[in-house]
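Please keep the sequence and the structure in view.

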There are 2 protein chains.
Amino acid sequence: MAKKVPHRLYLTEDQMPKQWYNLRADMKIKPDPLLNPATFKPVNIEELYPVFCKALAAQEMDNTTRYIDIPEEIQDFYKMYRPSPLIRAYNLEKALKTPAKIYYKYEGNNTSGSHKLNSAIAQAYYAKEQGLTGLTTETGAGQWGTALAEACAFYNLDLTVYMVKVSYEQKPFRKTVMETFDAKVIPSPSNTTKVGKAILENDPNTGGSLGCAISEAIEKAVSTPGYRYVLGSVLNQVVLHQSIIGLESKIAMELLDEYPDVVIGCAGGGSNLGGLIAPFMQDKLTGKATPRIVAVEPASCPSFTRGKYAYDFCDTGRVTPLAKMYTLGASFMPSANHAGGLRYHGMSPILSRLYHDGFMEAVAVEQTKVFEAAVLFAKQETILPAPESAHAIRAAIDEAILCRETGEAKTILFGLTGTGYFDMTAYNSYLTNTMKDYVPTDEDLQKGFDQLPRVDING
Amino acid sequence: MAKKVPHRLYLTEDQMPKQWYNLRADMKIKPDPLLNPATFKPVNIEELYPVFCKALAAQEMDNTTRYIDIPEEIQDFYKMYRPSPLIRAYNLEKALKTPAKIYYKYEGNNTSGSHKLNSAIAQAYYAKEQGLTGLTTETGAGQWGTALAEACAFYNLDLTVYMVKVSYEQKPFRKTVMETFDAKVIPSPSNTTKVGKAILENDPNTGGSLGCAISEAIEKAVSTPGYRYVLGSVLNQVVLHQSIIGLESKIAMELLDEYPDVVIGCAGGGSNLGGLIAPFMQDKLTGKATPRIVAVEPASCPSFTRGKYAYDFCDTGRVTPLAKMYTLGASFMPSANHAGGLRYHGMSPILSRLYHDGFMEAVAVEQTKVFEAAVLFAKQETILPAPESAHAIRAAIDEAILCRETGEAKTILFGLTGTGYFDMTAYNSYLTNTMKDYVPTDEDLQKGFDQLPRVDING
């Protein structure tokens, strides 16, 4: 018999996790190693040092340590905006007339408007600890850039953000938020880097892409003394830091005597999804429970559902190590009418491995259906969701409707990664019926696959 | 000896207040009555019915009931986004090197981005209960309109929002948020009302004002069957609903064995200030404690510090009842470079009475100093504050700096009413050093005073 469930459950500070959980420790088949882009051989840790600070390079390579202590300073910073609430969607359930119990973990209550701050503060902390003076990164929709700007302002680190040009132009307010936290924001591609200049020469009118902004940020980092590069998703270290989301969720559900039948998260590079599902996936990997785990991605950027599981570069400029992941090819650009984030060509190597090995499902949804769900959710639950988060809402609603039809009272948990305050142009296009869906053809996708690097790591 | 204080304290649902507190019950000298604008005699409750729904008219007139039950449906709605956290500003204290303990009550974690939802849901609930079909209101900066749109969407009530034209044009995203919740948003003055047409004829290029938007919203309400008018500040009923802020704050501080030496709130129409201070003012009125209570207003719209305590209209069109309050005159328009809200010509009659009788202090601050405080706060506490809220931050910081100089370890409580996500134009003007301060001259203010109605209620 489940306990009386409050609308919002906040853990106390004493109940908050003091360690991150490293999913890789419980994976029998580990993610494939990163490869050096010059030699196509597995990288060793020293090869990562020019790009990543040492502690983060170690976390990136660590396939075995199950729990990693969260440094006390990071715990203290977390306490400024965490714990995030686990919310029971009573009103959404009522509106859907579903017997399902819907819970969501809400990460939007901080100025970055998303879960990104969980990893940003960790990455800034380790950089400061190593005595670095600055960081570089890329941002698309802007949440990651904002989160990192907050973290760098806190630690007095310089920050240069390469912002995908089309976002830079569409979202000037995001830029101002980052500047409020002293970040330097540069539209990408730019003429501040060789790789940016080359891309601009090739296509002066390009709106840019995350892959391209990554190339520029790395070039800037490795060419500036005391600087390193940081990334807000995809990487193993990021999934590790984001495990705080899932760990808090699981503790909160335990306090309620609840356990999810299905865990649903939106999937771009995998940072939120990997964090949310971590302890539930652990139960699955260790045979303790069998929750369904569902990744939801945009039909316009379908890396899980239509990508290849292959080695690929993480950036357009092909300067990063190669990762084995579901990918649409590093040259993939989502359609111009794609709203919000979830536009990266690849996917977390950890999640890619788990998906490949059958531990999780994936669905792709079209954006008008996503915004329909977003508006329904907003009216019932009073939170205006980010377009990214609304992908998970869409799948959770579909699951709850299925429960209404079958009469099953499933327990659904989904991740509400953030708020949509900087996405009102997209909402307006949905409300005025000018939003279009876009699904790439097989031919569109084949162009990306044709450019995948030919890698034989045993060769 | 104070207990160990967490960064954020959330009450549990069981600890949340189940009644609002009505400050008037403990005031020996009550606020003066509203006057009928035609007769200049005190209004009776029936005269309010064409404008306000009955339950709210009763709350407006009730000077004696100390505690009023919060209907269960409203309590349930509150649980979707409340309790709001009481936060200890550890990092701000450290940055200021102050011995003071700084607490703030943060009301920004809901889609309206402010405390306004506390009264919006109450007003929508009573309208629904009375069988009304729609509401009208005005909004300036947009928080109130957004909050009411959320509340009306929840109760399936029509909503027409008259949005001050200059805000409508500067903040298109605010409009889209309201539209997401099905509100109809009209820039004011408009040609949808007689009063709007008259104002436009007089000055076709006017940017509008709150006072003018109020006139239009009332005209629309009284001329549409099944509609009533609602207001987000100034009124006694609003201060009543907002007492939830102060009541939660006081319970949370009691759990920490704390009591504020000084309570600081920003002051526009008085909704947040009146709510935050309510239970602390009760202690002061009943002789139980003597906290200092400080209102902070913009130097560009200084109703407390430079206004007259006099009967005045609540709107430009002079259709509302008259209220005895601190006022700059219903024709007052703040300077065009005034950023954010806190731009109303008058002030809550309850707060006006208390200020007049010496129970509280008021200070006026200039906006560049306000944004300086906002940016410092954002970097230390990771929350990007609304310009309105930053007025309170400014005064709290000044108080804490004074403590550093005197060595006193005062306990400071201030209200952080909301977030600044829709105010990035103002932040940008601060960051690029193009923001200007503006202080009206005595001659400027005299023009407003000259138009005050000549009222002698004993005549």
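## Interfaces and core

Chain B and chain A bury about 4,100 Å² between them, and carbon and sulfur atoms give 60% of that area. Buried area is the accessible area (1.4 Å probe) that two parts lose on being put together, summed over both. This is a predicted model, in which local features need pLDDT of at least 70, side-chain atom pairs count only at pLDDT 80 or more, and totals for chains, interfaces and linings use all residues. Residues are numbered from 1 along each chain as its sequence is written, chains are lettered from A and ligands numbered from 1 in the order in which they are written, and side-chain values use heavy atoms, with hydrogens and water left out.

The model scores ipTM 0.94 and pTM 0.95. Chain A averages a pLDDT of 95, and 98% of its residues score at least 70; pLDDT is the predictor's confidence in each residue, from 0 to 100.

At the chain interface, 42 residues of chain B are in contact with 42 residues of chain A (contact means heavy atoms within 4.5 Å). Chain A itself is divided into domain 1 (9-15 + 83-113 + 236-449) and domain 2 (19-43 + 51-68 + 115-229). These bounds come from an automatic or database domain assignment. The C-alpha centres of the two domains of chain A lie 21 Å apart. A:Gln237, A:His241 and A:Phe422 supply 16% of the area that domain 1 of chain A buries against domain 2 of chain A, more than any other three residues.

Salt bridges cross both interfaces. A salt bridge is a side-chain nitrogen of Lys or Arg within 4 Å of a carboxyl oxygen of Asp or Glu.

| Interface | Area buried | Salt bridges |
|---|---|---|
| Chain B and chain A | about 4,100 Å² | 2 salt bridges |
| Domain 1 of chain A and domain 2 of chain A | about 4,500 Å² | 3 salt bridges |

B:Lys379 forms a salt bridge with A:Asp182, with the closest N and O atoms 2.7 Å apart. A:Asp32 and A:Arg353 also meet in a salt bridge (3.2 Å, N to O).

The largest nonpolar core has 237 residues. Such a core is a set of buried Ala, Val, Leu, Ile, Met, Phe, Trp, Tyr and Cys residues joined through side-chain atoms within 4.5 Å. Buried means under 20% relative accessible area (1.4 Å probe, protein chains only). A:Phe304, A:Met360, B:Phe304 and B:Met360 have the most contacts inside this core. B:Met360 touches, among others, B:Leu273, B:Phe304 and B:Tyr355.

The count is 0 disulfides over all chains, a disulfide being a pair of cysteine sulfur atoms within 2.5 Å. B:Cys314 is in no disulfide; the nearest cysteine sulfur, that of B:Cys301, is 14 Å away. B:Cys314 is buried at 10% relative accessible area, and B:Cys403 is buried at 1%.

Terms used:
Buried means under 20% relative accessible area, exposed over 50%, partly exposed in between (1.4 Å probe, protein chains only). Lists of a residue's contacts leave out its neighbours within four places in sequence.
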